[in-house]
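Q: Please take me through this structure. I am new to it and would like to ask as we go.

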Amino acid sequence: MNTSIETQLIDGKAFAEKMTKEVAAQVAELQQTTGVTPGLAVILVGNDPASEVYVRNKTKQTHKVGMRSFMHLLPETTTQQELLTLIQRLNNDPDIHGILVQLPLPKHLDSDPIIQAILPEKDVDGLTAYNAGKLTLGHTDGFIPCTPLGCLLLLQQELSNLRGLNALVIGASNLMGKPMAQLLLNQGCTVTIAHIDTRNTEELARQADILIVATGCKELVKGSWVKKGAVIIDVGINRITTEENKVKLVGDVAFHETLGIASKITPVPGGVGPVTISCLLYNALSAAKKKK
Ligand SMILES: Nc1nc(=O)c2c([nH]1)NC[C@@H]1CN(c3ccc(C(=O)N[C@@H](CCC(=O)O)C(=O)O)cc3)C=[N+]21
């Protein structure tokens with residue numbers, strides 16, 4: 001029998017608004033009790049239009065919760081040494097509690113040494129070896145990368161217990177896929193990671209109770225890949241031009257094909273994206289609290 005089920009949308013925007021309000025309240029409380037205002041530095045190199053949108057969004061939200069935002073918009077021609085020098089300066093600046101280097105960096109820059117130069121206690125993106133190691137060891141006092149943290153919080157809201165569920169993470173980046181898999185493992189999921197060289201992704205997907213997709217390939221996951229009743233978290237943000245010449249955002253999942261098959265799915269936009277920013281603010285708040 002091939003009965004269709006009702007697919008619920010996971011409202012990331014509403015979740016993010018609630019979380020952002022909570023962060024704002026805690027920022028106010030921290031200021032009152034300690035006089036400390038959390039400060040977040042964001043570094044953007046070059047002019048990728050999508051990155052500019054995110055960074056502008058981050059600045060707006062940072063101000064909205066009462067934090068200070070220190071924006072560093074650097075030209076495409078910035079050298080490795082200039083970037084390292086800036087990070088040293090931000091590491092030593094007591095007004096700055098969190099540092100985020102927007103990725104990807106232009107090709108002539110070697111991003112790993114730049115990321116690793118960030119002091120672990122200011123690494124609100126959770127990308128230094130120290131914080132990545134903490135996550136791997138199951139420690140809960142390190143910084144967790146914002147997007148995977150947001151995906152986990154959404155999953156926990158939707159499914160009270162993740163223990164024993166089959167989770168497939170498609171995409172194995174340091175920013176998303178790897179920390180996501182680790183978080184799900186820590187929650188008791190049976191975790192599989194599929195990536196560019198995986199031969200049977202489709203078959204693996206059909207066994208997944210939880211499907212998390214972060215590949216940068218628009219609408220890669222088809223309806224036929226989805227197990228009935230699965231929960232889908234779509235991390236992709238791809239800009240396409242429609243037949244009517246309009247720019248539209250689509251995810252890494254063929255959204256409409258999953259309706260009637262998945263039990264829940266995050267839309268794009270309005271799903272994971274807004275929650276990522278709330279998690280960044282949450283991490284910046286934690287960084288400022290630890291300093292006190
Ligand atoms: N070091 C680093 N850390 C990051 O966390 C990081 C990064 N680099 N590089 C790029 C990705 C992407 N990212 C997003 C943030 C907000 C939205 C967001 O607000 N999205 C809205 C609308 C987006 C739009 O209109 O373009 C939505 O999905 O509803 C999306 C994506 C953070 N990233």
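**A guided conversation**

Q: Leaving aside its neighbours within four places in sequence, which residues is Ala172 in contact with?
A: Ala172 is in contact with Gly177, Lys178, Ile193 and His195, once its neighbours within four places in sequence are left aside. Two residues are in contact if their C-beta atoms, placed from the backbone, lie within 7 Å. The model is a predicted one, in which local features need pLDDT of at least 70 and side-chain atom pairs count only at pLDDT 80 or more, while totals for chains, interfaces and linings use all residues. Residues are numbered from 1 along each chain as its sequence is written.

Q: Where is Ala172 placed?
A: Ala172 is in the loop between E5 and H7. Helices (H or I, at least four residues) and strands (E, at least two) are DSSP runs, numbered from the N terminus. Gly171 is found in that loop between strand E5 (166-170) and helix H7 (177-186).

Q: Is Gly171 buried or exposed?
A: Gly171 is buried, because 24 other C-beta atoms lie within 10 Å. Ala172, with 18 other C-beta atoms within 10 Å, is partly exposed. The rule is that a residue is buried if 20 or more other C-beta atoms lie within 10 Å of its own, exposed if 12 or fewer, and partly exposed in between, with C-beta atoms placed from the backbone.

Q: What does Gly171 touch, then, apart from its neighbours within four places in sequence?
A: With those neighbours left aside, Gly171 is in contact with Met176, Gly177, His195, Val213, Ala214 and Thr215.

Q: Which residues does UniProt list under "binding site"?
A: The unreviewed UniProt entry places that feature at Gly171, Ala172, Ser173, Ile196 and Ile237. UniProt positions are given in the numbering used here, feature names are shortened, and annotations may be inferred rather than shown by experiment.

Q: What does UniProt say of residues 145-291?
A: The unreviewed UniProt entry annotates them as "domain: Tetrahydrofolate dehydrogenase/cyclohydrolase NAD(P)-binding". Over these residues the chain is 35% helix and 19% strand, and the end C-alpha atoms are 19 Å apart. For residues 10-125, the unreviewed entry gives "domain: Tetrahydrofolate dehydrogenase/cyclohydrolase catalytic". That span is 49% helix and 16% strand, with its end C-alpha atoms 24 Å apart.

Q: Turning to helices, at what angle do H6 and H10 pack?
A: Helix H6 (residues 146-158) and helix H10 (residues 272-291) pack at an angle of about 110 degrees, with their axes 8 Å apart. Axes are lines fitted to C-alpha atoms, for helices over the stretch in contact, and angles run from 0 to 180 degrees between N-to-C directions. H6 and H10 are therefore roughly perpendicular to each other. Angles under 35 degrees count as roughly parallel, over 145 as roughly antiparallel, 65 to 115 as roughly perpendicular and the rest as oblique.

Q: What is the handedness of the crossing of H6 and H10?
A: It is right-handed. A crossing is left-handed if the near helix is turned anticlockwise from the far one by less than a right angle, and right-handed if clockwise.

Q: And how does H1 lie against H10?
A: The axes of helix H1 (residues 12-34) and H10 come within 8 Å and cross at roughly 15 degrees. H1 is therefore roughly parallel to H10. The crossing of H1 and H10 is left-handed. Among the residues making the contact are Phe15, Met19 and Val23 of H1 and Val275, Leu281 and Leu285 of H10.

Q: Which residues of H5 are buried?
A: In helix H5 (residues 129-137), Asn131, Ala132 and Leu135 are buried. Seen down the axis of H5, these residues fall within an arc of 100 degrees, so they line one face of the helix. The arc is that of the directions from the helix axis to the C-beta atoms. The buried residues of H5 pack against H7, while the face turned away from them carries the exposed residues Ala129, Gly133 and Leu137.
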